[in-house]
Amino acid sequence: MKNIIEVKNLTKEYKNKKAIDDLSFEVYEGEILGLLGPNGSGKSTTINCLLSLLNYQSGKIKIMGENMRPDAYDIKRQIGVIFQDVAVFEELNVIENIDYFCGLYIKDKSSRQECIEDAIKLVGLENYKKYYPKQLSGGLLRRLNIACGIAHKPKIIFLDEPTVAVDPQSRNNILDGIEKLRTNGATIIYTTHYMEEVEILCDRVIILDKGKIIASGTSDELKSLAKIEEKVTIEVQNLEQKYIEEIIGFKNAQSVVYSNNSLIITYKKGKNNLTELIDYLKNNKINYSKIFSERPTLNDVFLELTGKELRD
Ligand SMILES: Nc1ncnc2c1ncn2[C@@H]1O[C@H](COP(=O)(O)OP(=O)(O)OP(=O)(O)O)[C@@H](O)[C@H]1O
Ligand SMILES: [Mg+2]
């Protein structure tokens, strides 16, 4: 896989406070890389350093093989950024806003026209072309913000928490749009504190905490870091204590809790845990109304590595 971005030993301090602490990673061409981390973990600071919008104390950043600098305009032309805070012009309507941002990169009017139409289609704003930002809901405004950032068809796209405080419909629309951008050949760096999003969207994930990388890999690789393999829930009425004790004795069972007619078993690594349990229930003629198994989430991984929840 070809690197399109390389970051080596990046450190950024704000007034003696380390926001980024010796960060090294690469982004592969054509992938969606997720930067997952709680508030204040350094996601936005990382993006701003990569774009040379912030000075940093030490580190090396290469984009498309070139050293990134504040005046590296050839590189910047091929980048699209959607910042965490929506930034559009109140006095321009949807089309005019996209036209303005796209016009910073594409001077030819007819090719720009095509780009604007494509961007509107991508974010699903066809019915709002003449609307002003004030007339748009939070979700639609985010979609406009994205359209402004990607209309010039950049090779590399940074999106900083684009789905915060948007309705589910806009959220799905945004996630689908990002998939399409990747299909069209872009490389995407996506920051979020929603683990579900990185699981759906990202090829690889970097988990950040206090400006450091605490783990990275595919979602499945990260989940394999969790000590538990699965969690099984069974809804069963009045289960006798002797059965609970026998289940605690199962080879891979790690913990068993029974309350409100619900039995929750966590398992260490091991195969056929669910099959073993179903056989046991059948052999002992224990009736249950529901049984389901869940894999650990990225939140379980984060909890295990840091001792705290990903969400605040
Ligand atoms: N301009 C600034 N001056 C001083 N400290 C800052 C500044 N910007 C960010 N920080 C601090 O740097 C750390 C990283 O902040 P950053 O905004 O990069 O985190 P984040 O992961 O993007 O958080 P969020 O999810 O809230 O957007 C935090 O401790 C934050 O308080
Ligand atoms: Mg941020």
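Two strands pair if DSSP finds at least two bridges between them, and the strands and helices named in these legends are DSSP runs (E, at least two residues, for strands; H or I, at least four, for helices), numbered from the N terminus. This is a predicted model, in which local features need pLDDT of at least 70, side-chain atom pairs count only at pLDDT 80 or more, and totals for chains, interfaces and linings use all residues. Residues are numbered from 1 along each chain as its sequence is written, while chains are lettered from A and ligands numbered from 1 in the order in which they are written.

**View 1. Strand β11 with its partners β13 and β14.**
Let us start with β11 (residues 230–235), which pairs with β13 (residues 262–267) in the antiparallel sense over six bridges. Strand β14 (residues 290–294) also runs antiparallel to β11, and five bridges join the two.

**View 2. The hairpin of β12 and β13.**
Strand β12 (residues 253–259) and β13 run antiparallel, joined by six bridges. Look for Y258, whose bridge partner in β13 is L263. Two residues lie between the strands of this hairpin, and N260 takes a positive phi near 50°.

Which residues are around ligand 1? They are Y14, A19, G37, N39, G40, S41, G42, K43, S44, T45, Q84 and H193, where a residue counts as near if its C-beta atom, placed from the backbone, lies within 6 Å of the molecule. Helix α1 (residues 43–50) gives the most to this shell, with three residues. By class, the shell has two nonpolar, nine polar and one charged residues. Here Ala, Val, Leu, Ile, Met, Phe, Trp, Tyr, Cys and Pro count as nonpolar, Asp, Glu, Lys and Arg as charged, and the others, Gly among them, as polar.

**View 3. An open sheet of four strands.**
The strand order is β2-β1-β4-β5, and the pairing is antiparallel. At the edges are β2 (17–28) and β5 (66–67), each pairing on one side only. Strand β4 (residues 58–63) runs antiparallel to β5, and two bridges join them. You can find this pairing at I63, whose bridge partner in β5 is E66.

**View 5**
Strands β7 (residues 156–160) and β8 (residues 187–192) run parallel and are joined by five bridges, with D160 opposite T191 in β8.

**View 4. Helix α3 against helix α4.**
Two packed helices are described by the angle between their axes and the distance between the axes. Axes are lines fitted to C-alpha atoms, for helices over the stretch in contact, and angles run from 0 to 180 degrees between N-to-C directions. The axes of α3 (residues 94–103) and α4 (residues 109–123) come within 10 Å and cross at roughly 125°. That makes α3 oblique to α4, since angles under 35 degrees count as roughly parallel, over 145 as roughly antiparallel, 65 to 115 as roughly perpendicular and the rest as oblique. I95, I98, D99, C102 and G103 in α3 meet R112, C115, I116, A119 and I120 in α4, contact meaning that C-beta atoms, placed from the backbone, lie within 7 Å. The residues of this contact divide into seven nonpolar, one polar and two charged.

Helices α4 and α5 pack at an angle of about 145°, their axes 9 Å apart. A119, I120, L122 and V123 of α4 make the contact with R143, I146, A147 and I150 of α5. These residues divide into seven nonpolar, no polar and one charged. As for α3 and α5, their axes come within 7 Å and cross at roughly 30°, which makes α3 roughly parallel to α5. This contact is made by V94, N97, I98 and F101 of α3 and L144, A147 and C148 of α5.

Terms used:
Two residues are in contact if their C-beta atoms, placed from the backbone, lie within 7 Å.
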